[in-house]
Amino acid sequence: MLPYQIIEKKSKGKELSNEEIIFFIDCFTNGSIPDYQMSALLMAMFIKGMTTEETLALTKTMLESGERMDFSHLDGFVADKHSTGGVGDKVSLILAPILGALGVHIPMISGRGLGHTGGTLDKLESIPGFNVNLSNEQFKSMVENDFVSLIGQTGNICPADKKLYALRDVTATVRSIPLITASIMSKKIAEGINGLVLDVKVGNGAFMTAYKDAQKLAESLVSVGKQYGIKTVALLTDMNQPLGNAIGNWLEVEECIECLKGKGPEDLMDVTLALGAEILKMRDPKLLMEDAIKMQMDVLESGTAMDLFVKITKIQGGDVSVLLDPKTRGESPAKMDVIANQDGYFESVRTMDLGFAAIELGAGRKTMTDEIDPLSGFIIHKKLGDKIARGDVMMTIYAKDEKLAQAVHEKVKDYFYFTDKAIDETYPHIYEIIN
Ligand code: URA
């Protein structure tokens with residue numbers, strides 16, 4: 001088979017066979033097909049779309065590019081949560097220790113920043129020393145004994161996703177239902193889980209900006225999960241503004257610490273607890289929603305979820321002193337406020353552009369080899385619907401120097417929109433559950 005012919009076939013919108021998909025992905029993973037040919041095929045898949053058959057074949061090939069974990073010998077429930085990607089979406093870091101503290105085993109395989117969205121691995125690595133590259137044995141042992149382990153795709157687990165993910169990140173080929181489905185589900189199936197809750201983001205900061213597309217993505221993810229015998233539920237949640245207040249790796253970890261101390265922002269906690277409740281209800285179908293929420297609140301109030309986060313960090317080589325006293329991590333040398341230039345009500349924000357602006361600051365990558373600046377990002381001080389007075393601080397920029405802060409300020413100062421009329425609608429955090 002010739003890579004050239006496969007790219008050409010897909011670029012004409014024709015359906016690829018299982019053999020062609022297996023050949024292409026396997027050769028890309030072992031290095032015999034170069035990035036430029038893979039990028040061309042990704043773009044053809046992105047533009048022409050893929051059938052259900054092709055999506056399943058891609059998922060299976062990516063899954064089989066590495067090993068699959070097996071936790072069937074454990075008595076407990078083994079589950080995970082994954083998001084389709086958003087701005088300020090730090091739910092995994094809060095939810096994994098909450099569920100672990102409630103006895104759910106969480107073998108979490110995550111990704112790095114993708115497109116304009118942040119990634120769990122980059123957030124974790126903003127904790128000095130945190131190692132997301134454990135061996136299979138270390139990962140398994142943590143999941144069994146400590147309930148939670150947080151790692152990335154490795155040479156052993158989903159290596160195809162690791163390479164494809166990095167390439168999609170910089171070639172604008174993320175926003176595709178089949179490519180997102182295969183990327184997420186190959187990692188999740190490889191984890192050997194019984195239950196999966198998916199946070200499908202919708203809105204102007206999500207890959208799926210249109211509601212119908214987000215529904216289609218949720219259905220695609222849930223249907224692949226079910227075909228592999230995993231109890232799978234998707235929640236459609238709002239991404240028309242950043243989730244919580246922080247955007248940027250360490251700033252988000254700091255916010256997670258507040259959440260784990262029971263002091264998190266309402267939108268972030270609502271989404272986190274709703275996702276967690278789905279997992280707890282999968283484990284115990286008789287459990288009522290309110291009890292599932294209360295159980296999670298209890299482990300936040302008692303400190304056991306925070307203690308588990310500290311324990312996981314320690315085992316994975318992270319410096320726990322910065323979790324216990326976040327101020328010791330230091331902060332960006334340059335800070336600059338974005339000020340409201342009129343009175344009114346906060347009507348909308350260009351969420352995706354804020355994500356791209358965070359990349360400008362160094363919180364994400366422009367090319368595959370870029371280094372992340374862990375301290376840079378934004379803190380948003382207002383939520384949609386808030387009454388705003390001219391001169392209010394809408395957001396603070398954290399940058400590595402004044403020049404960069406100024407350059408980013410020049411762009412983001414125009415990302416906030418106001419209206420004269422009071423906004424009486426409430427902004428939903430969760431729209432719909434798809435199972
Ligand atoms: N998360 C993933 O793991 N992959 C995607 O493609 C999008 C979000």
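Let's start with Thr232, which is found in strand β5, residues 231-238. A strand here is a DSSP run of E with at least two residues, a helix is a run of H or I with at least four, and both are numbered from the N terminus. Is Thr232 buried or exposed? At 2% relative accessibility, Thr232 counts as buried. That word has cut-offs: buried means under 20% relative accessible area, exposed means over 50%, and partly exposed is in between, with a 1.4 Å probe and protein chains only. A polar atom of the Thr232 side chain also lies 2.8 Å from the backbone oxygen of Ile230. For a polar contact, the rule is a pair of N or O atoms within 3.5 Å; within protein, one must be able to donate a hydrogen and the other to accept it, and residues adjacent in sequence count only if both atoms are side-chain atoms.

A quick word on what you are looking at. This is a predicted model, where local features need pLDDT of at least 70 and side-chain atom pairs count only at pLDDT 80 or more, while totals for chains, interfaces and linings use all residues. Residues are numbered from 1 along each chain as its sequence is written, and side-chain values use heavy atoms, with hydrogens and water left out.

Now to the ligand. Which residues are around it? They are His82, Ser83, Thr84, Leu114, Tyr165, Arg168, Ile180, Ser183, Ile184 and Lys187; to be near, a residue needs a heavy atom within 4 Å. Look at His82 on your screen: one of its polar side-chain atoms lies 2.9 Å from an oxygen atom of the ligand. Arg168 has a side-chain N or O atom 2.8 Å from a ligand oxygen. On its own the ligand has 240 Å² of accessible area, and the protein covers 97% of that. Those areas come from the Shrake-Rupley method with a 1.4 Å probe, and for residues only the protein chains shown count as cover.

Next, the aromatic rings. A pair of aromatic rings is described by the distance of the centres and the angle of the planes. How many aromatic pairs does the structure hold? There are three. For the cut-offs, rings of Phe, Tyr and Trp (its six-membered ring) pair if their centres lie within 6.5 Å; planes under 30 degrees apart count as stacked, over 60 as edge-to-face, and the rest as tilted. Why is the pair of Phe346 and Phe416 called tilted? Because its planes are at 50 degrees, with the centres 5.8 Å apart. This pair links distant parts of the chain, with Phe346 in strand β8 (residues 344-349) and Phe416 in strand β12 (residues 416-419), 70 residues apart. Phe346 is buried at 1% relative accessible area, and Phe416 is buried too, at 6%.

Phe346 also pairs with Phe418, again tilted, at 6.2 Å centre to centre and 40 degrees between the planes. Phe346 lies in β8 and Phe418 in β12, so this pair ties together parts that are 72 residues apart in sequence. Put together, Phe346, Phe416 and Phe418 form one aromatic cluster.

The charged end of Lys140 sits over the ring of Phe71, 6.0 Å from its centre, and that of Arg329 sits over the ring of Trp250, 5.7 Å from the centre. Sitting over a ring needs NZ of Lys or CZ of Arg within 6 Å of the ring centre and within 35 degrees of the ring normal.

On to a sheet. Four strands form an open, antiparallel sheet in the order β6-β9-β11-β7; two strands pair if DSSP finds at least two bridges between them. β6 (246-247) and β7 (334-339) stand at the edges with a single partner strand each, so one side of each has no neighbour in the sheet. Between β9 (residues 377-380) and β11 (residues 393-399) there are four bridges, and Phe378 has Ile397 as its bridge partner in β11. Val338 belongs to β7 and is buried, at 1%.

Last, two loops. Phe147, between α7 (136-146) and β3 (148-152), has a positive phi near 75 degrees and is partly exposed at 26%. Ala172, between α8 (159-171) and α9 (177-190), has phi near 55 degrees and is exposed at 57%.
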